[in-house]
Amino acid sequence: MTTRKALPKRLEKTIYQQFGAQCPFCGEQDVSTLQIHHIEPHAVVQEHSAENLLLTCANCHQKIEDRRISARDVHRAKFEAEQGGNVRPKASGTANSNTVTVSGDNHGMVANSISVQTLKTSINVAPMSGTISASYSRRNYAKYLIDRYHDFKRAEVGKGNVRHAVLYKSIEREFGAKWDNLPEERFEALVSYLQRRIDSTRLGKNRKARGQARYSAFDEHQTK
Ligand SMILES: [Zn+2]
């Protein structure tokens, strides 16, 4: 039996901030229903890392489990939150929880009611333009290869023995920066590196020897 470590408070706070304390799918802001979701199941990754965590309401969490919200939508929601793009335009004129209402009768002199509606501001810094993380399709494809590598590795070492940090660290060593912070010009190199890593897993080697596909090409992946 594996024991599951509690999600550190600090990490939980980071995720709430990243998602602007609201569900990225429906805009729910009621904290009693908001939950942290592991994009790759915790049972599989055996760790809590910010890039694998999503904030969602209980309702949408269930939809993710039932696949009524697709993996693609989950990844997009995470991507947008990381970009600081989680500013959901609400239907104009409707009050939301950013509305502060102050009312009082001020001794009957003036019946005052002040309603201040603020635009939600994001504390996240947008990714540097020209980096892989600034391009949805490139980032998505690189992430796909990373996930694919972990799937192949899992087949080799068994569920629970895949340490995700290992690949991320080796990318940093190889390229000198986190994969999503690399300049776009390095995208091709990153892709070949990840494909080589997949091909060098036991499953990758086997499939290659039998002439079987190990991953979709970038163009193919775009049309999925
Ligand atoms: Zn929701």
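Predicted model: local features only at pLDDT ≥ 70, side-chain atom pairs only at ≥ 80, totals over all residues.
**Exercise 1. A charge over a ring**

Over the ring of which residue does the charged end of Arg-138 sit?

*Solution.* Step 1: start from the charged end of Arg-138, which sits over the ring of Phe-187, 5.6 Å from its centre. A charge counts as sitting over a ring if NZ of Lys or CZ of Arg is within 6 Å of the ring centre and within 35 degrees of the ring normal.

Step 1: look for aromatic pairs. A search of the whole structure gives six of them. In one, the ring centres of Phe-187 and Phe-218 are 5.3 Å apart and the planes make an angle of 65 degrees, so this pair is edge-to-face. The cut-off needed here is that planes over 60 degrees apart count as edge-to-face.

Step 2: Phe-187 belongs to helix H7 (residues 187-199) and Phe-218 to helix H9 (residues 218-223), so the pair ties together parts 31 residues apart in sequence.

Step 3: check the accessibility. Phe-187 is buried, at 4% relative accessibility, whereas Phe-218 has a relative accessible area of 25% and is partly exposed.

Step 4: widen the view. Ring pairs join Phe-187 and Phe-218 with Tyr-141 and Tyr-144 in a cluster.

**Exercise 2. The zinc site**

Find the protein donors of the zinc ion and assign the geometry of its site.

*Solution.* Step 1: list the donors. They are the SG atoms of Cys-23, Cys-26, Cys-57 and Cys-60, lying 2.3 Å from the zinc ion.

Step 1: take the angles. Among the four donor atoms they run from 104 to 116 degrees, and the site is tetrahedral. The test for four donors is that all angles lie between 85 and 135 degrees. For comparison, the ideal angle for four tetrahedral donors is 109.5 degrees.

Step 2: read the spacing of the donor residues in sequence, which is C-x2-C-x30-C-x2-C. Distant parts of the chain are linked here: Cys-23 is in the loop between H1 and S1, while Cys-57, 34 residues apart from it, is in strand S2 (residues 53-57).

Step 3: Cys-23 is buried at 0% relative accessibility, and Cys-57 is buried with a relative accessible area of 2%.

**Exercise 3. Positive phi**

Which class of accessibility does each of two residues with positive phi, Ala-21 and Arg-67, belong to?

*Solution.* Step 1: take Ala-21, which is not a glycine and yet has a positive phi of about 50 degrees. Ala-21 is found in the loop between helix H1 (9-18) and strand S1 (34-38). Its relative accessibility is 30%, so Ala-21 counts as partly exposed.

Step 1: turn to Arg-67, a residue other than glycine whose phi is positive, near 65 degrees. Arg-67 sits in the loop between helix H3 (58-65) and helix H4 (71-82). With a relative accessible area of 71%, Arg-67 is exposed.

**Exercise 4. Pocket and cavity**

Which element gives the most residues to the lining of the largest pocket?

*Solution.* Step 1: the largest pocket holds about 820 Å³ of space. Its lining has 26 residues, and those nearest the centre are Ile-39, Arg-67, Ala-71, Arg-72 and His-75.

Step 1: sort the lining by element. S1, H3, H4 and helix H5 (136-157) each give two or more residues, and H5 gives the most, with seven.

Step 2: go on to the cavities. Two of them reach 30 Å³ or more, and the largest cavity has about 110 Å³ of space. Its lining residues include Ile-39, His-75, Lys-78 and Tyr-136. The elements that give two or more residues to this lining are H4 and H5.

**Exercise 5. A contact across the chain**

How many residues along the chain separate Leu-182 and Ile-132?

*Solution.* Step 1: locate Leu-182 in the loop between helix H6 (164-175) and H7. At 1% relative accessibility, Leu-182 is buried.

Step 1: compare the sequence and the space. Leu-182 and Ile-132 are 50 residues apart along the chain, and their C-alpha atoms are separated by 5.8 Å.

Step 2: Of its 224 residues, 38% are buried.

Conventions. Residues numbered from 1 in each chain as written. Heavy atoms only, no water. Helix = DSSP H or I, 4+ residues; strand = E, 2+ residues; numbered from the N terminus. Buried < 20%, exposed > 50% of the residue type's maximum accessible area, 1.4 Å probe, protein only. Donors = N, O, S within 2.8 Å, 3.2 Å for Na, K, Ca; no water. Tetrahedral: all angles 85-135°; square planar, octahedral: opposite > 155°, others 65-115°. Phe/Tyr/Trp six-rings, centres within 6.5 Å; stacked < 30°, edge-to-face > 60°. 1 Å grid on protein atoms, 1.4 Å probe; cavity = no way out; pocket = protein on both sides within 12 Å on 5 of 7 lines; lining within 4 Å. Points joined across faces, edges and corners; volume = space filled by probe spheres on them.
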